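Open the structure in your viewer and keep the selection tool ready. We will go stop by stop, picking one piece at a time.

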Amino acid sequence: MMTLGAPSALWALSLIPLVIILYMLRARREARVVPSVLLWERATRDLVARLPMRKLERNLLLLVQILIIAMIVLALARPSLPLRGFAGDAVALVIDTSASMQATDVAPTRFGVAQQEALALTARLGPRQPAALIAAGAQPRLVVELTTDRAALTAAIRALRATDTGATLDEAVALAVSLRADGRPAVAYLFSDHAPTQQGVRWVKIGKGAPNVAITSARTRLDARGRTQLMLRIDAFGEAATRQLTVDVDGRVVHQRTVQIAPGSAQVILVDIGETSGVATAKLSGGDALPADDRAVVAVGRDGLPQVLVVGDPDPVLDAVLGAVPTAGVTRTTQATPEQWGRAPVVVLDRVAPQPLPPGAYLLLGTLGTNMPVQIEGTIPQQTVRTVVGTHPVMRLVDLRGIRIAGALAMRPEAGVVLAEGEAPVVWAYEGHGIRAVVLPFDLARTDLVTHPTFPVLIANVIEWLAGSSDVSAGAAPIVPAGTWTQAELRDPSGATATLAAREGVFALPPLDRVGQYRLRTRGWERRWVVSTVDPAESSLAVEPSPTQTQATATPVLAQIRLTPHLLGVAGALIALEWWLWARTLARRRLRAEPS
Amino acid sequence: MDQLTRAELLLEPDFLARLERLTLLSRRLYRSGSRGERRSGTLGRGVEFADYRSYQVGDDFRYVDWNIYSRLDRLFVKLFSEEEDINVHLFIDASRSMAWGQPPKLDYAVRVAAALGYIGLANLDRVGAVAFTDGPARVLPPRRGRAGTLTLFRFLGEIAPEGRSNLAGALRDYTLRTRRRGVLIVISDLMFPQGITDGLRLARYHRFEPFLIHLLADEELTPALEGDLRLVDAETGAAVEVTADAATAEAYGRARDRYFGEVEQLCLRLQVEYLRAATSIPFDDLVLRYLRQGGLIA
């Protein structure tokens, strides 16, 4: 059955009556005196006897013009005709791998059903019909490029796993329709419990909706006594629930309680962890349709924080501030070589003579790396900070305006971001070539910054940005300065390990898509990241129909013969015919008009 | 003076000389009351011997063949064919439609009439002329002899196209007006809304010998029209809306041929000689060739 890509274009068919009206207006007859109409009357009677054919001939131009309009309008409606027996358009299978696809409201899970549907569709593809596979997780991922290798495609579909992340469906669909075979875009099939917002995508709806209770947020904070408190938010989606909450730290149960939640509401629960360090796990007992969000994991205490190496002359103020900000520990030295710098997760170089920096994370105080893209144009005797960039993570809750600085290096950065400046940049963040650095180009002793309340906040932000936060959301893909290390081992929450190689001075981690603790270990240091909860947006298991997207089924994909080019071709031919008819008529008239 | 000049110029002197060798033919001979240069069906006082018959009381002794009497001892009188003239009526359509054509049909008709009239006058026939529209608009009574040539030409030269045409009406009036039967040469485009049947029947009824010369302009045979037109009749003002294209041209051709066929059938049925000619045919050819072939002149 023919389908129309833009049926609204058919409104333009209303032009046809307009043409007919114009035609009728145009047909005003010219009076011509003849010797006698005797024979003309007889001829007219003869014509009337042959009226049907006569009318057709007489209105040939009009018919051609109507046909031209009809062809063009139909072409604008973008019709296509599915034909069996032809190699169909390429197909891009987009499978939602987000956390909600783990829901068990359909057996075995939504993701399992999506796999089955995708496999069924794959089995019905034509033998020469190319297909691709895209996983729609935190980031869309082209798992299999367009191929006719059914075995590879089937194996890839079976190998996919649902994650604890959210889904970027629109990006995945955009990736799908950008795939082209023989110059034509692929037909995108989305297997998901969420409708796409884009038109033209065939959505195979998965799941039927179910109530759910979820831990949607888990954070820690230190109270005034230095004790860690775990803050949990529990949401009930769909119906009221009574669940048992258990919190343990490294397997030791520290808290248990019963939680009652009204439907559609949330509860925030504070749990005192104490002064222990480790990994706290909160669990909700009792089953629901999505077990993945019944669990939350957080790092407590100093577990997972970076070690900091301070190189330079002793600075009590700096030491005091570094001791106050969250780190796993601060080591001070005056003798460390650049090779040793690269082995520490975060290095603070305090007025060290400028020299090339090995890959790593640096806070540079009153100094610079000679391999950084910056020019030094002397010093500035005195300046006051006038502008700051508040959106950068380093400047969160930091306002340096009014801070006075003496003897700062006059930097002229050629890359990175200037975060604050007076007469010259005074806070510069740079990331490139394996180096992540924040530069304060002045001596802390020659500024009133250290007396300002924002100084510890600034240093804490700097350390966190340099080391990277250990609390990450599901699907984050941290990039870690590798320092002098070339290899690292990544262990995921299930205990599986993978070896990462440093590239351009960094370890690029894959998306951390499971709730739990990830460890990246080199021979010299270990970094930890904790994915606390599944993406909160995934916990609602309602499957609502889309107002703009119709649900499709994984029906056999037929070749869609697009009729627009053919129709435009026919319209072109008709225009040529119409022109020819008109020119012929005109030529005849001119010929007749010539005196004999 | 202008009319005279125009009349004189109707025919070239050389052409007139060639016409003098021609004679108007008639299937029947009509008694005009005076001797002409035509052998009459009546045996009488002519010079050409025809037969003998026995003498009857009252016969003129001058025609008794005394040689036969001397041999056979019986009286026989010699019979001679009596030479008679005929009446020629030139009936010229002067309606408005005759103004069409290149040359105009009326000019062509006038020249044909002039030629035929001259032939008649040169052969001592009585030649009269009528310019008719829906009646005999102008009439030149029959006259005899070469002396009538200039009068005839002047009459023909003054004919101008005007009004509607009605052959039957014109003939009805004319036949009531004249008792001289003879050859009735009708020169017309035959574009009569009332048709020609009544007119020709009337002529036959009054024992005229009609000869129909049907003149047509090329644009009537093959109209050079194109587009959406409202055709207006030059005589009646009647209008016909047509879309002149190939199909219409074909239909016109069919209507024309059918009309010609009807005219031919009618003439055959009423024993009317019929000759159709386009004005594009050279005038000399029409007179010296086609009219001779048509049996009007010899």
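**Stop 1: a covered strand**

Select β20(A). Both of its faces are covered: A:V346, A:V348 and A:D350 are buried on one side, and A:V347 and A:L349 are buried on the other. This strand spans residues 346-350 of chain A, and five of its five residues are buried. Remember that you are looking at a predicted model.

Strand β18(A), residues 307-312, runs parallel to β20(A) and is joined to β20(A) by five bridges. Pick A:L309; its bridge partner in β20(A) is A:V347. Next, show β21(A), residues 360-365. β20(A) and β21(A) also pair in the parallel sense, over four bridges. Which residue of β21(A) stands opposite A:D350? Select A:L365 to see it.

**Stop 2: an open sheet**

Stay in chain A. Select β14, β13, β16 and β17 in that order: they form an open sheet of four strands with antiparallel pairing. Which are the edge strands? They are β14(A), residues 252-261, and β17(A), residues 295-300, and each pairs on one side only. From one strand to the next, the twist averages 15°.

Zoom in on the pair β13(A), residues 241-249, and β16(A), residues 278-284. They run antiparallel, and five bridges join them. Click A:T246, then its bridge partner in β16(A), A:K283.

**Stop 3: two helices side by side**

Select α5(A), residues 110-124, and α6(A), residues 150-159. Their axes lie 10 Å apart, and the helices pack at an angle of about 175°. An angle over 145 degrees counts as roughly antiparallel, and α5(A) and α6(A) are therefore roughly antiparallel to each other.

Now colour the contact. From α5(A), pick A:Q115, A:A118, A:L119 and A:T122. From α6(A), pick A:R150, A:L153, A:T154, A:I157 and A:R158. By class, this contact has four nonpolar, three polar and two charged residues.

**Stop 4: the whole of chain A**

Of the 596 residues in chain A, buried ones make up 41%. Among contacts in chain A with a separation of 6 or more, 70% are between residues 24 or more positions apart.

**Stop 5: where the chains touch**

Show chain B as well. The contact takes 26 residues from chain A and 33 residues from chain B. On the chain A side, the elements giving two or more residues are β2 (30-34), α2 (38-49), α3 (51-58) and α11 (564-593). Which of them gives the largest share? Select α2(A), with nine residues. The chain A side divides into 11 nonpolar, three polar and 12 charged residues.

β2(A) and β9(B), residues 227-233, run parallel and are joined by five bridges. Click A:V33, then its bridge partner B:V232.

**Stop 6: one side of a helix**

Finish in chain B with α7(B), residues 197-205. Its buried residues are B:G199, B:L200 and B:A203. They cover an arc of only 95° around the axis, which puts them on the same side of α7(B). An α-helix has 3.6 residues a turn, so residues three or four places apart point the same way.

What do the buried residues of α7(B) pack against? Select α6 (167-177), β7 (183-188), β8 (209-216) and α9 (246-269) of chain B.

Methods:
Residues are numbered from 1 along each chain as its sequence is written. Chains are lettered from A and ligands numbered from 1 in the order in which they are written. This is a predicted model: local features need pLDDT of at least 70, side-chain atom pairs count only at pLDDT 80 or more; totals for chains, interfaces and linings use all residues. Two residues are in contact if their C-beta atoms, placed from the backbone, lie within 7 Å. Ala, Val, Leu, Ile, Met, Phe, Trp, Tyr, Cys and Pro count as nonpolar, Asp, Glu, Lys and Arg as charged, and the others, Gly among them, as polar. Two strands pair if DSSP finds at least two bridges between them. Axes are lines fitted to C-alpha atoms, for helices over the stretch in contact, and angles run from 0 to 180 degrees between N-to-C directions. Angles under 35 degrees count as roughly parallel, over 145 as roughly antiparallel, 65 to 115 as roughly perpendicular and the rest as oblique. A residue is buried if 20 or more other C-beta atoms lie within 10 Å of its own, exposed if 12 or fewer, and partly exposed in between; C-beta atoms are placed from the backbone. The arc is that of the directions from the helix axis to the C-beta atoms.
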